[in-house]
Amino acid sequence: MALNGDLAGISCGFIEKFVEVNDEGEKYMMPVVNYDFTLGVKAPPRDDINFSRIRKMLTQLRSLAGLNIKWVTMDSFQSKDTQQILKQLGFLVGELSMDITPVPYDCFKTAINQGRIVAPVNEVAQLEILRLERGPDGKIDHPADGSKDIADSMAGVCYFLTNRKENWFRHGV
């Protein structure tokens, strides 16, 4: 939830299926995360990101395009108003920060390494992911001349969907 200067990273995804992974001889089932889209919304010059347009996009994707958007999560920074409005529009909302713990990024990295991520090409997201750094405190960050806004949204979707018990039940796992 950036205001200006950064991007607001937005990703939408679903669990396509579960696949068997082999981790050093131990086999288990894990979800394949399929992204409908990943994008970054940038503020116009000398202005802030228009969050009402992002909310409108989500409602139009759900109602006009038939995209089954159920949950919307976001960092707590600058998001209370947007959370309240989306809730009134019938979305389930929650907070998920990528800056508190590296666990969501660890989940995302494992899914990438196991070939369980299916995403449309987004060169900005690819560059962000490739340039991620783990700091001495273990937290994931970007270099001084970089960003991680879209990567944050992708890691958040992966972590959220992987940890939703309803996804596991729906696929019989």
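Which residue in β2 does S11 stand opposite? The close-ups below come from a predicted model, and the answer turns up in the second view.

**View 1. An open sheet of three strands.** Read across the sheet and you get the order β1-β2-β5, with mixed pairing. β1 (7–23) and β5 (117–118) sit at the edges with a single partner strand each, so one side of each has no neighbour in the sheet.

**View 2. β1 alongside β2.** These two strands run antiparallel to each other, and their pairing covers 16 bridges. Strand β2 takes in residues 26–42. Here is the residue we asked about: S11 has T38 of β2 opposite it. As a reminder, strands of a sheet pair through backbone hydrogen bonds, whether parallel or antiparallel.

**View 3. Helix α5 on the sheet.** Residues 149–162 form α5, which packs on the sheet and touches β1, β2 and β5. The helix direction makes about 45° with that of β1.

**View 4. E24, in the loop between β1 and β2**. What is phi doing here, in a residue other than glycine? For E24 it is positive, near 50°. Most residues other than glycine have a negative phi. Is E24 buried or exposed? E24 is exposed, because its relative accessible area is 81%, and the cut-off for that word is over 50%.

**View 5. R46, in the loop between β2 and α1 (51–63)**. R46 is not a glycine, yet it has a positive phi of about 55°. With a relative accessible area of 85%, R46 counts as exposed.

Terms used:
Residues are numbered from 1 along each chain as its sequence is written. This is a predicted model: local features need pLDDT of at least 70, side-chain atom pairs count only at pLDDT 80 or more; totals for chains, interfaces and linings use all residues. Side-chain values use heavy atoms; hydrogens and water are left out. Two strands pair if DSSP finds at least two bridges between them. Helices (H or I, at least four residues) and strands (E, at least two) are DSSP runs, numbered from the N terminus. Contact means heavy atoms within 4.5 Å. Axes are lines fitted to C-alpha atoms, for helices over the stretch in contact, and angles run from 0 to 180 degrees between N-to-C directions. Buried means under 20% relative accessible area, exposed over 50%, partly exposed in between (1.4 Å probe, protein chains only).
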